[in-house]
Amino acid sequence: MHKLRFVDLFAGLGGFHLGMSRLGHDCVLASEIDPELRDIYRQNFGITPHGDIRGIDPKDVPSFDVLCGGFPCQPFSKAGAQAGLACERNGDLASVVVDWIRKHRPNFVILENVANFERHDGGRTWRWLDRELRHAGYPLVQKMVLSPHRFGIPQIRERLFIVAARDPRTVFSWPEPLDTPTSISSVLSKPQPGSRISSKIEQAIEAWAEFVRLYPKSAKKPHFPIWTAEFGATYPYLTVAPMAAPDATRRHRGSFGVPLAGLDHAALAAALPPYARDTRVFPGWKKGFIDLNRQLYSEHKNWIDRWLPKLEGFEPSYKKFEWNFDAGIKDVWDSVIQMRGSGIRAKSPQTAPALVASSTSQVPIIGWERRYMTARECAELQDMGELATLPRTFTGTTRALGNAVNARVVELVARQLVGAAPHLSLVVNG
């Protein structure tokens with residue numbers, strides 16, 4: 001395999017750099033808008049990245065063979081407004097990447113974004129990028145959603161990888177997933193001071209651990225999110241939203257069976273679950289979850305009513321629970337737990353949920369140790385454990401890792417792509 005020259009755009013902590021350098025290739029330019037991450041990149045790799053990609057003078061760009069970039073995902077993520085290419089802040093960066101490709105004509109392109117990119121705007125966003133790459137002279141354009149847990153890293157993190165090649169003789173195939181299961185224990189180390197969960201979070205998790213212990217062993221485990229506010233509720237939801245028909249709604253019961261009679265408009269809204277305060281007709285998925293939870297309560301009311309007071313005093317998100325671990329795990333404390341805005345989620349210890357950039361509160365909790373994962377352990381989930389320097393704060397580290405590309409997946413994809421064209425010379429641009 002020839003040593004190739006690559007650029008690392010939207011570099012972050014350097015996931016592309018790690019993956020490509022493991023294959024023996026050289027980074028000749030990096031770009032990262034965040035000043036702290038630029039300094040960390042310099043410390044880790046000996047290269048000082050340029051700032052905003054939009055401000056780089058083309059004269060300062062050396063020749064290169066491979067363009068790598070995980071352009072910002074927020075405009076295309078299901079977690080955001082999905083403004084896409086029209087996003088005022090950074091929706092244009094996909095077009096900036098295309099401009100780079102047109103101007104510099106690298107032999108290979110490796111891009112990464114959220115899995116929703118290919119479905120965004122009814123698929124039109126992906127079709128735009130596919131068309132632009134082909135018009136720029138890349139007959140090979142392929143995409144695939146890949147996750148580290150398929151390749152030995154215990155993190156479920158589905159991301160869309162896009163590859164393109166300018167040489168029509170290039171033969172490419174995606175890396176083959178491994179058959180062996182992963183375990184989050186493979187990335188765990190000695191806990192650090194301060195990583196223990198708070199007493200409030202511990203109490204909330206223990207309440208749900210008790211729920212699981214009380215749940216009849218002969219009954220089918222709920223496959224849907226458990227919304228306890230529906231336990232005892234009777235407000236209408238199938239044909240009209242409750243706040244769209246307040247007079248009719250007052251004849252019913254709200255969250256946890258609270259009577260709604262005699263309440264003014266503000267008190268009526270407060271007595272309903274937060275997700276039921278809209279005046280629009282509920283979407284089908286919400287109606288389905290409400291129906292399933294009311295049925296669950298009806299079938300298990302005798303013991304749920306004795307258990308339910310354990311949730312008193314907790315915020316609404318702690319009163320929702322997703323039971324995602326399998327029958328082989330007997331206790332919630334034996335699972336990997338994530339505190340989400342949508343509820344407490346308990347998952348199998350085989351993998352961690354995807355790291356997110358928006359909140360440190362969603363850092364995975366190692367249930368059997370009653371602690372959060374440490375910054376170094378989170379770095380291992382992105383196959384970046386070898387980095388000597390990480391951001392100074394835990395918040396900064398988790399944000400950067402949540403935005404990062406997984407180095408192992410980059411390495412495997414790049415091996416398949418650049419290793420498929422051994423006839424190319426060291427410098428082939430021009």
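**Getting to know the terms**

Me: Why is K200 called partly exposed?
Reply: K200 has a relative accessible area of 36%, and partly exposed lies between buried (under 20%) and exposed (over 50%), with a 1.4 Å probe and protein chains only. So K200 counts as partly exposed. This is a predicted model, where local features need pLDDT of at least 70 and side-chain atom pairs count only at pLDDT 80 or more, while totals for chains, interfaces and linings use all residues. Residues are numbered from 1 along each chain as its sequence is written, and side-chain values use heavy atoms, leaving out hydrogens and water.

Me: What makes E315 and K200 a salt bridge?
Reply: Their closest N and O atoms are 2.8 Å apart, and the term asks for a side-chain nitrogen of Lys or Arg within 4 Å of a carboxyl oxygen of Asp or Glu. So the pair qualifies.

Me: Why is D331 called buried?
Reply: The relative accessible area of D331 is 16%, so D331 falls under the 20% limit. D331 also forms a salt bridge with R213, the closest N and O atoms being 3.0 Å apart. R213 lies in helix α5 and D331 in the loop between β8 and β9, so the pair ties together parts 118 residues apart in sequence.

Me: How do you know that β1 and β2 pair?
Reply: Four bridges join strand β1 (residues 5-9) to strand β2 (residues 26-30), and pairing takes at least two bridges found by DSSP. So β1 and β2 pair, and they run parallel. In β2, A30 is the bridge partner of D8.

Methods
Helices (H or I, at least four residues) and strands (E, at least two) are DSSP runs, numbered from the N terminus.
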